[in-house]
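Welcome to this guided tour! Please open your viewer and keep the selection tool at hand. We will go from stop to stop together.

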Amino acid sequence: MSTSPSDDLIDRLVGLAPGSRTYAARHQREKVVAATQGSYQALFDPALPGISLAERLLVALYACRLTPAPALVAHYRERLQQLPVDAALIAVAETGQPQDAKDPRLAAILAFTRTLIENPIEGDKAALETLPAAGISTPAVVALSQLIAFLSYQVRLVAGLQAMKASEEATA
């Protein structure tokens with residue numbers, strides 16, 4: 001399966017185009033490019049049960065803001081703005097703290113996200129137990145953990161490719 005810059009999120013966000021060295025390096029293993037895009041599509045599939053698409057996008061916005069990853073923040077903000085999501089919830093993910101979320105479920109989700117992004121070693125049993133206590137099912141906890149792990153990968157991939165592209169442009 002070939003992925004072109006027009007339908008590949010990472011290529012679009014980084015501004016990679018065929019013919020550049022950075023694009024060629026990224027696409028050397030096309031199956032990794034396809035798997036990355038496929039993971040993104042699966043994790044943000046509206047039909048994924050347990051955690052709503054809005055909650056997943058709020059997690060993504062929050063995680064990318066904490067990292068920080070400005071290009072991904074803009075992407076996830078734009079996706080959220082296409083949904084009927086309360087602007088106050090977007091503001092919490094974009095500028096606030098987990099406890100600012102009036103919904104205890106979302107507050108727990110964002111607090112867990114913060115723990116895994118900022119201090120993953122603290123993502124222990126106690127941190128995990130806060131999620132079922134907020135009404136989040138075990139399958140949803142697994143999906144949330146997978147999402148946060150993917151976001152960490154996505155953030156690093158974008159940052160690395162941006163650095164490679166900047167280096168390529170500086171030497172051109």
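What share of the contacts in the protein between residues at least 6 apart in sequence join residues at least 24 apart? The share is 65%, where a contact means heavy atoms within 4.5 Å. Please keep in mind that this is a predicted model, in which local features need pLDDT of at least 70, side-chain atom pairs count only at pLDDT 80 or more, and totals for chains, interfaces and linings use all residues. Residues are numbered from 1 along each chain as its sequence is written, and side-chain values use heavy atoms, with hydrogens and water left out.

**Stop 1: the whole chain**

Show the protein as a cartoon. You will find nine helices and zero strands, so the elements run α-α-α-α-α-α-α-α-α from the N terminus on. Helices here are DSSP runs of H or I with at least four residues, strands are runs of E with at least two, and both are numbered from the N terminus.

Now switch to the C-alpha trace. Along its principal axes, this trace spans about 55 × 35 × 30 Å.

**Stop 2: the surface**

How much of the protein is buried? Buried residues make up 43% of the 172 residues. Buried means under 20% relative accessible area, exposed means over 50%, and partly exposed lies in between (1.4 Å probe, protein chains only).

Colour the charges if you like. The mean positions of the 15 positive and 17 negative charges are 3 Å apart. Lys and Arg count as positive and Asp and Glu as negative, while His and the chain ends are not counted. Each charge is placed at NZ of Lys, CZ of Arg, CG of Asp or CD of Glu.

**Stop 3: an aromatic cluster**

A search of the whole structure finds four aromatic pairs. Select Tyr40 and Phe44 to see a tilted aromatic pair, with 5.3 Å centre to centre and 45° between the planes. Rings of Phe, Tyr and Trp (its six-membered ring) pair if their centres lie within 6.5 Å; planes under 30 degrees apart count as stacked, over 60 as edge-to-face and the rest as tilted.

Is Tyr40 buried or exposed? Tyr40 counts as buried because its relative accessibility is 9%. Phe44 counts as buried too, at 3%.

Tyr40 and Tyr76 form a tilted pair, 6.5 Å centre to centre with 45° between the planes. This pair links distant parts of the chain: Tyr40 is in helix H3 (residues 30-43) and Tyr76 in helix H5 (residues 70-81), 36 residues apart. Tyr76 is buried, as is Tyr40. Together, Tyr40, Phe44 and Tyr76 form one aromatic cluster.

**Stop 4: the loops**

Select Pro49, in the loop between H3 and helix H4 (53-66). Pro49 is exposed, with a relative accessible area of 62%. Its C-alpha atom is 13 Å from that of Gln146, 97 residues apart along the chain.

Ser52 lies in the loop between H3 and H4. Ser52 is partly exposed, at 34%. The C-alpha atoms of Ser52 and Ala140 are separated by 9.6 Å, although these residues are 88 residues apart along the chain.

Move to Pro68, in the loop between H4 and H5. A cis peptide bond joins Thr67 and Pro68, with omega about -15°.

Next comes Gln82, in the loop between H5 and H6. Gln82 is exposed, with a relative accessible area of 57%.

Where is Lys102 found? Look in the loop between helix H6 (87-95) and helix H7 (104-118). Lys102 is exposed, with a relative accessible area of 79%.
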